[in-house]
Amino acid sequence: MNVSDLVRAPFVEYAENVLRIVNKDAKLIPFSLNTAQQYVHDKIEAQLAETGRVRAIVLKARQEGVSTYVAGRFFRRTQTRPFQRALVVADIEERAGALFNIYDRFDTNLDPNMRPMKRSSKQSRLLIYGNPDKNSRQDTPGLDSQISVRSARDPNAGRGSTIHMAHLSEMAFWEKGEDTFISLMSAIPDDGSEVIIESTAKSAGDLFHQTWQEAEAGENGFIAIFLPWWIMHEYQRPVSSEDERVIRDTMDAFELETFFQGVEWEGEIYKLSLEQLQWRRETWRNKCKSDWTRFAQEYPSSAEEAFVVSGAQFFDALAVKEYIETSTKPRRGNIRESISGELGVDIDVTDDINGYLRVWDEPNAESHYVIGCDTATGEMIGSTRGSFNTEQSERGGRDFSCAVVWDVHNHSIAAMLHGRMAPEVFADLVALLGRYYKCLGRNPAMIAVERNHSSGMTVIARLLDIIGYPNIYLRREFNQRSNKVTRQFGWVTSYETRPMMLDELAAMVREGSIGIPCPDTLREMQNFVRRDDGSPAAQPGLHDDRVMSLAITIQSAKVHGCSSGVLPPALTFEPLEGVSDDF
């Protein structure tokens, strides 16, 4: 095959005929794609053909060759096309050096007839295909294409230039890499560009995990590509007759399932061999210090087990996964009052892809509704990171206000109001929501607002004094000292009520007795953990607004008898004998 044919050849042929890599036996060999590399290549090429660009995030096991594949792909484009800019960002300096060596090796072993004019700096990890002679560069510039390899610790990586190809390597292990991430993504044009993120997992809730979840949900334009360890042919070990006897006699649950029934991947069932199970045992013992959690992180067999949470996951992981598989995208919009006729006022929802309101079920005249509210305190949650999608980033930043509309008859979330807004605005919208989701089509839904902090008290005061909302959750408590019943408007989350309300929600999720169509709520549940002191909370830097609102909603419905579908009587505000008001 001549040079011109190689330049136009499909990448697989180009790689095998042009590129050279060093294998695990320290031998220089042609670059023939392995199973994992071929799978990634097929997925990326299909996306490129469909969208005209590449946006991919790859969750992988150790040493599956994804970085080498991306390097070969970017090298070809840089070596054969003018004015191309490729940026590789690694988690640490040592890995950045190793990645640059791959590119340098590709260049060193190029057929001289294919090598463009070049000037490069190994010290700066910069490979430039252009005229090395300053005096003649203006007349004969060459390709003027380049590849730069940097560390994520450099916050200016990609700043001030246009990047056509970006390889974000081992993103899960970037330290304080949010600034790098934001500046890099801002430098990438939409059309014709390629962004490939690849990493093994580190923990649930980090930047890589959040981006992976968004990709799985189809929210950020990236395709999610998972590579299990067992697709790699070399991940096998010879098995003697004694080894076979030991394995068969001591199989754990994973081995029993995958050996006899098989494991599903990409719609097909794969049965693991004894040789693969032997490799799994040896790797667990020798490389993972006999820690199955570490093995699952380094060599996952599914995307779910790859992300190790910092603490025990509070909600049942399998149940949450099943909920995610059946979750649905809501109608997105805003709620407002509209004039109907000469004197009438209606409440309706207008469509808006960036609206605060998400609707799964429209109001049903035969249902009862309860609305539970968790109002924003203004607290900063970790750091504010960039996001690929157009919605507000929910990785860090100030917390959100959230209201969950609960369909009592169906035990399911019907709608959700969620966003960053002033307490007064939130109160107005929640009041409209309560009148939109009327119980039995007649009476406004009961609203339960957490009153633990000033923003909650502001919402309650506005609902009572300004709006005059007629159905607000009323908490009654008997005071033994005064021998009186005290009543408070609003839900109180305390040391006593918080564990109870969360435990009950967790039980409902585990039993499948609750309808949760909202993928964002389910993602919060995935990142909700039991910390070292035993307390349940969101992973550090993440939000739990939806989880807490749902828990408040369920408890307030139960206390007021709505869980059985019985509408509570309209609340009266006149003082009662033996009752003191405490607002």
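## Overall surface and fold

Accessible areas come from the Shrake-Rupley method with a 1.4 Å probe, and for residues only the protein chains shown count as cover. On that basis the accessible surface of the protein comes to about 26,800 Å², and carbon and sulfur atoms hold 48% of that surface. The structure is a predicted model, in which local features need pLDDT of at least 70 and side-chain atom pairs count only at pLDDT 80 or more, while totals for chains, interfaces and linings use all residues. Residues are numbered from 1 along each chain as its sequence is written, and side-chain values use heavy atoms, with hydrogens and water left out.

The secondary structure comprises 18 helices and 25 strands, these being DSSP runs numbered from the N terminus (helices are H or I, at least four residues; strands are E, at least two). Of the 583 residues, 51% count as buried, where buried means under 20% relative accessible area, exposed means over 50% and partly exposed lies in between (1.4 Å probe, protein chains only). Among contacts (heavy atoms within 4.5 Å) between residues at least 6 apart in sequence, 69% join residues at least 24 apart.

## The largest pocket

A pocket is found on a 1 Å grid over the protein atoms alone, as an open set of points where a 1.4 Å probe fits, with protein on both sides within 12 Å along at least five of seven lines; lining residues have an atom within 4 Å of a point. The largest pocket holds about 1,300 Å³ of space, a volume being the space filled by probe spheres set on grid points that are joined across faces, edges and corners.

Its lining consists of 44 residues, and Ser302, Ala303, Glu304, Glu305 and Lys321 lie nearest the centre. Helix α13 (317-326) gives the largest share of this lining, with six residues, and the elements that each supply at least two residues also include α9, β11 (263-265) and α11. By class the lining has 19 nonpolar, 13 polar and twelve charged residues, with Ala, Val, Leu, Ile, Met, Phe, Trp, Tyr, Cys and Pro counted as nonpolar, Asp, Glu, Lys and Arg as charged, and the others, Gly among them, as polar.

Helix α5 (93-108) supplies the largest share of the lining, six residues, and the lining divides into eleven nonpolar, ten polar and ten charged residues.

Arg105 is found in helix α5 and counts as partly exposed because its relative accessibility is 28%. Its C-alpha atom is separated by 7.1 Å from that of Arg20, 85 residues away along the chain, and, leaving aside neighbours within four places in sequence, Arg105 is in contact with Arg20, Ile21, Val22 and Leu28.

Helix α10 (residues 274-286) has 13 residues and reaches 18 Å from its first C-alpha to its last, close to the 18 Å expected when 1.5 Å is multiplied by one less than the number of residues. Its buried residues, among them Trp279, Arg280 and Arg281, pack against α8 (241-249), α9 (253-261) and α11 (292-298).

Lys289, in the loop between α10 and α11, has a positive phi of about 55 degrees although it is not a glycine, and it counts as exposed because its relative accessibility is 77%. Glu170, in the loop between β8 (165-169) and α6 (178-186), is likewise not a glycine and has a positive phi of about 50 degrees, but Glu170 counts as buried, at 4% relative accessibility.
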